[in-house]
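Please look through the sequence and the model below before reading on.

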Amino acid sequence: MIYDVKAIGQTMCVSFSSNETTFPVVQNGVATPIFISSDEWPGVQRAASDFVSDIELVTQIKPTLSNLSASETTNTTSANAIIVGTLGRSSLIDQVINNTQLDVSSIQGLWEAFMGQEVANPLPGVDSAYVIIGSDRRGTMFGMYDLSEQFGVSPWYWWADVVPTNHSELFITSPGCSHGPPTVQYRGIFLNDEQPALTNWALEKFTNGPGGLGTATPANGTGSPFQSEFYSKLFELILRLKGNYLWPAQWSSAFCVDDPINQPLADMFGIVMGTSHEEPMMRSIPVEWSLFGDGPWDYNVNAQNIYNFWVQGIQRAKPYEGLYTIGMRGDGDLPLIGGIQLLEQIIKDQRGIFSNIFNTSDVTTIPQVWTLYSEVEGYYEEGLPVPDDVALMWTDDDYGNMRRYPVASERNRSGGAGVYYHVASPRDYKWITSTQLSKMYEQLSLAVIRNATRVWVLNVGDLKPYEREIEYWLSLSWDSSLWTPNNVDDFVQAWAQREFKLASSDAAIVAEVVANLTRYNARRKPELLNTTTYSLVNYRETDRVVEQWDTLADASTAIYNKLSSDLQPSFFQMVQHPVLASQTLGKMLIFAGQNNLRASQARLSTNDLADQVQQLFEKDYDLEVEYHSILNGKWDHMMDQTHVGYYYWQQPMANTMPAINRVQSRKQALPGVMRIVPEGSYGAWPGDDQFDCAAGYNCPSPTVILDSFNPFGNVFVDIGSGGPVPFTWSANVNATWLAMSATNGSMSPDSPEQRVFLSIPDWSQVPFNALAQVNFIAAAPNQSDLVVPVMVQTQNTKQQVPSNFTGFVESMGVVSFEAAHAIRNSSVADIFWKELPGLGRTLSGVSPWPRDGDNGANFSAGAGPSLEYDFFVVSNRTNITVVTRLSPSLNANGADRPLAFALQVGSEPIQISYFIPPDVAPGAEPAPWSGLDGFAANVIVSVNMTFDIAPGAQTLKLFMIEPAVVVQKFDIDTGNLQPSYLGPTESVFV
């Protein structure tokens, strides 16, 4: 089967069969020659070589590439040609335009635009040509790389080993492909904290140091492997993804020092260089300062030496295209000592350096950016003046939540604004992806709407394994108009088809796998997980999470096993390994939590769980070794990052298995051979357990509740072995209406657990408060029978709910529903609540739409767009507590416009919540934001509101107050909401 490969997010202009409106690239075994002017930009000439190689990769036929002047085309032996060039630079293109009167006004003078079109008689000796014309050098490159991707060459052909799609013939439609200027002017990535993985990999692959397989000597002074051979690969990748900007590796590297070729090489490729938020004036901090600086990195006491250091950086960078970071942070990326007055002087001095080095009194023509990170944002909020031509780069909180966007008064600054965002963080984390593309869209679409489009930089850690997230980032910044909250999965599906040559049905499965992988990792980032993150007893939470991981791994493995051996390495890197590694970590921590609980319950299966934890811990390393072994070790070290056993924010020095317990396998528990644990209990029967009752001893028999609207439809009782003695068990029940999934069984050290489900097949046969008793009886050799009664209390509320009611029904003291499952959606001024599919911890989110509402306007309580939810309360309650679960967004529209929403139940007074408190200090987050139980770590903000009600049908209304609020879920506590991480499962809807 042949799969058409489309450039993701680009109009298709490539065909693999000819017709009257196509131009041949390769036809009947012959490739059309490619002409480029000898006076073209060197980077365009280099990209043209890539273009030739790409055609050969797809068709196994290599076109000729010729540097020509217009007069030399008469010697061509082909009536057709592909002519590539840049407006105002290529004399060949100038001649084509002159000869054909080709209209290039659609790209003239624009930033990085390109056009393609078939033209007749463009040059002497050429009857017909497909011309690729860029408005500038990168526009020309993008015009070629766009076609390469459509031909069948992924941008990740080297960095993720994506196999090119083969076609015997290639054609381009005569009208061709064109694109205007990008949404974001400077679009780039930042290699950050790139040790151990990326550094160790590059040392092995590019240098001749110890264990190295390359030819370059590690950089003198830094030992860095990030030299021209490495950066050549990276520069090409960035351009293929239509990026143009780079903050280079800086953990133990200095871009301009590690290899003197690095800086001119970047410029030749067409990459705009910059430096991170802590590295002003094109100098690497702290590496270059430690090598060449004199004195402390403190402008209060060492201004002249630092000034001279900056002068040298600008002198060195002047010949090349750059976007210059200005400002200053303290040593080690710590807050600057000195405050606003000192920063004003620093900016004044830096601007003076620009004026002197560039010999101009107008430094506004020199691109500059100031990243408002941490305390620097605070200085700005407190009145620090910033020159209007300097781009203000707003940052996220390291968790993917933007701290701020430009407010209305800042959106017309000549320097514009930008975004600095993380996919690698917050706990020095650079392992498996934990960023939802839906979350990226939600945050970044606001950046576009609020004019933060001058510069975007994504912190990508070690680059791999964030391939997909990097491409989505650069696709959004290239053309945001193509993307909506509804086509995130379409992006992933197209990506899966391009990368793995999948049919659309399998690509849809991959899109679902990716969505769930990132959801499961994002709802609690892997470095923040522990053994009790998910409830061990409530709402079957740990069981559901384990089942989700297993289902995900099965789906990924099924696709992996379908693939040919040449396609498996790329799928393993970008899908299979992240899924299996995440599943392994997630299950290991849950099993460790269950192990600790079962030890307290005197269950022999404690030991089985301990064994599974250890096996999973070893499997974690096995998966790392497998990643490092594929393709003869091409990616050795790329998974070196430690990720198990964080003790504080810093990466652990070694992976550490979570603590586990064991019970003595040859000794029987004091209460006897059998342990009974009902659903929802930390305790166990018979015997004493602190959780069996308040006293902790002489506790009554356990009771389980069967509710007619329980979402699971049953409750369970776990029967466990209390030691090494095998036994048989049986159960009898005194109610005919109660069904059991099993009434007898055998237990032994090899089979120490059995789960029995209790259910009621016909609720019409059950009184409201019926009570049944199930006796579990254990029979063991040479021991008296052990009898443990379990009481079954019913709550049959089916008759309380009218037949004409539609909505969610309370069960077990809770009503729970997803925010997307509203009954009614009322718009105001063309603003309505829209579902953001895939966002959040459980299903999705809802947010006012359009994103910025009516030009950012807000509403008074009860006047804005609303959603309505009907629910039924069966408990005899006089009040309920509505718990609203919201995405953790900061007050990014300014402190004077805090995020807010309103709720109303029935005709009760409307309640408003400004749910994000003020920052504790300028540039800092609100008090509840940080910490292991903070808003960001929990990826949720829970807001409680109490309303007076009467039992029966109720309506909850959600009102818009401010734009950009995202609501995920509602949990209504009618008296028995239990602790859990994800909350109850959704209530029954009738």
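Helix H5 (residues 228–240) and helix H7 (residues 262–269) have axes that come within 10 Å and cross at roughly 25°, an axis being a line fitted to C-alpha atoms, for helices over the stretch in contact, with angles from 0 to 180 degrees between N-to-C directions. H5 is therefore roughly parallel to H7, since angles under 35 degrees count as roughly parallel, over 145 as roughly antiparallel, 65 to 115 as roughly perpendicular and the rest as oblique. Helices (H or I, at least four residues) and strands (E, at least two) are DSSP runs, numbered from the N terminus.

This is a predicted model, in which local features need pLDDT of at least 70 and side-chain atom pairs count only at pLDDT 80 or more, while totals for chains, interfaces and linings use all residues. Residues are numbered from 1 along each chain as its sequence is written, and side-chain values use heavy atoms, with hydrogens and water left out.

In the contact (heavy atoms within 4.5 Å) between these two helices, Ser 228, Tyr 231, Ser 232, Phe 235, Glu 236 and Leu 239 of H5 meet Asn 262, Leu 265, Ala 266 and Phe 269 of H7. These residues divide into 6 nonpolar, 3 polar and 1 charged, where Ala, Val, Leu, Ile, Met, Phe, Trp, Tyr, Cys and Pro count as nonpolar, Asp, Glu, Lys and Arg as charged, and the others, Gly among them, as polar.

H5 also meets helix H1 (residues 42–59), and here the axes come within 12 Å and cross at roughly 75°, so that H1 and H5 are roughly perpendicular to each other. Arg 46, Asp 50 and Asp 54 in H1 meet Glu 236, Leu 239 and Arg 240 in H5, a contact with 1 nonpolar, no polar and 5 charged residues.

Elsewhere, 5 strands form an open sheet of mixed pairing, in the order E5-E4-E6-E8-E7, where two strands pair if DSSP finds at least two bridges between them. Strand E5 (65–68) and strand E7 (114–123) are the edge strands, each pairing on one side only. Within the sheet, strand E6 (residues 80–86) and strand E8 (residues 126–134) pair in the parallel sense over 7 bridges, and Ile 82 stands opposite Tyr 130 in E8. Helix H2 (residues 91–100) packs on the sheet, touching strand E4 (34–37), E5, E6, E7 and E8, while helix H3 (residues 137–151) lies across E6, E7 and E8 and runs at about 115° to E8.
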